[in-house]
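Subject: Structure for you to look at

Hi,

Here is the structure I promised to pass on. Please open it alongside this note; my findings on helix packing and salt bridges follow.

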Amino acid sequence: MSKIIAIGNQKGGTGKTTVTCLLANALSQPPFNLKIFVADCDPQQSIIRRRLSDQKQTSDPAPYKVAFYNTLSELQADIERLDKENDVLFLDLPGRLDTWRPADQQETARFLQYVDVLFIPFCPGNYALESTLDYLRTVLKIAHLRKDNPRPMSVVGFVNLYEGGRTVDDRALLEEVAEIQVLTKIKFLETRLQRYALFRAIDTFTTFFDQAGADRATLNISKFITEFKKSIL
């Protein structure tokens, strides 16, 4: 049985797809060598398009499989098999929650019924934060409904696109995160992913994990990946 993970947020630009690839690339290769599968469930198809482009540039075998799922029913047809065959199954979900629809027509929210751990990126900036808080309120309700499920969903936050506390937005974000932890009791990863150009250049092959790396970006992502892995396995 795998751990089914999603990096979720309804606000664009918070890095959910980038972080998914950073994690999948690293965890599928040394020193972790986990069997990883990425289900691209986002209509934008960012990950599957990136994989197809990457495969044109190299003859190396892909470190993990990626497949696009256009609808929830398509994923449902494969989810049991994928759960058995992999160590970690990442779901790259559509950004927008559709809880405004009748329950039997909701698609995005229903994907969450399969998620074991939902990681939410919190980013600096008032608009990003307000949208993320709306998302958090909704997913906490879903997590509460699943609390007695054999596989309940837990919610974990992390700070992304951080600039080292140098900006007013950074400091406001940390104050908000501290308040969220008190009010909701959700866990936050201690490692804050910083805003490095290296991360924006991510493909679906390259791992940036290197605990002995000489540059700050590599050390930052390596620390984040180590903490992430400990939190799910």
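In this predicted model, helix α5 (residues 126-145) packs with helix α6 (residues 168-184) at an angle of about 15 degrees. Their axes are 13 Å apart. That makes the two helices roughly parallel, since the angle is under 35 degrees. The crossing of α5 and α6 is right-handed. On the α5 side, Leu129, Leu133, Leu136 and Leu140 make the contact. From α6 come Leu173, Glu176, Ile180 and Thr184. By class, that gives six nonpolar residues, one polar and one charged.

Now the salt bridges. The structure holds 11. Three of the pairs are worth a look.

- Asp134 and Arg137 meet at 2.6 Å, N to O. Both are in helix α5, three residues apart, so about one helical turn separates them. Asp134 is partly exposed at 40% relative accessibility, and Arg137 is partly exposed at 48%.
- Arg81 and Asp78 pair at 3.5 Å, N to O. They too are three residues apart, in helix α3 (residues 72-85). Arg81 is partly exposed, with a relative accessible area of 40%; Asp78 is partly exposed at 21%.
- Arg195 bridges to Glu163, with the closest N and O atoms 3.2 Å apart. Arg195 sits in the loop between β7 (187-188) and α7 (197-200), and Glu163 in the loop between β6 (154-159) and α6, so this pair ties together parts 32 residues apart in sequence. Arg195 counts as partly exposed at 42%, as does Glu163 at 27%.

Best wishes

Methods
Residues numbered from 1 in each chain as written. Predicted model: local features only at pLDDT ≥ 70, side-chain atom pairs only at ≥ 80, totals over all residues. Heavy atoms only, no water. Axes fitted to C-alpha atoms, helices over the stretch in contact; angles between N-to-C directions. Helix = DSSP H or I, 4+ residues; strand = E, 2+ residues; numbered from the N terminus. Parallel < 35°, antiparallel > 145°, perpendicular 65-115°, else oblique. Left-handed = near helix turned anticlockwise from the far one by under 90°. Contact = heavy atoms within 4.5 Å. Nonpolar A, V, L, I, M, F, W, Y, C, P; charged D, E, K, R; others polar. Salt bridge = Lys/Arg side-chain N within 4 Å of Asp/Glu carboxyl O. Buried < 20%, exposed > 50% of the residue type's maximum accessible area, 1.4 Å probe, protein only.
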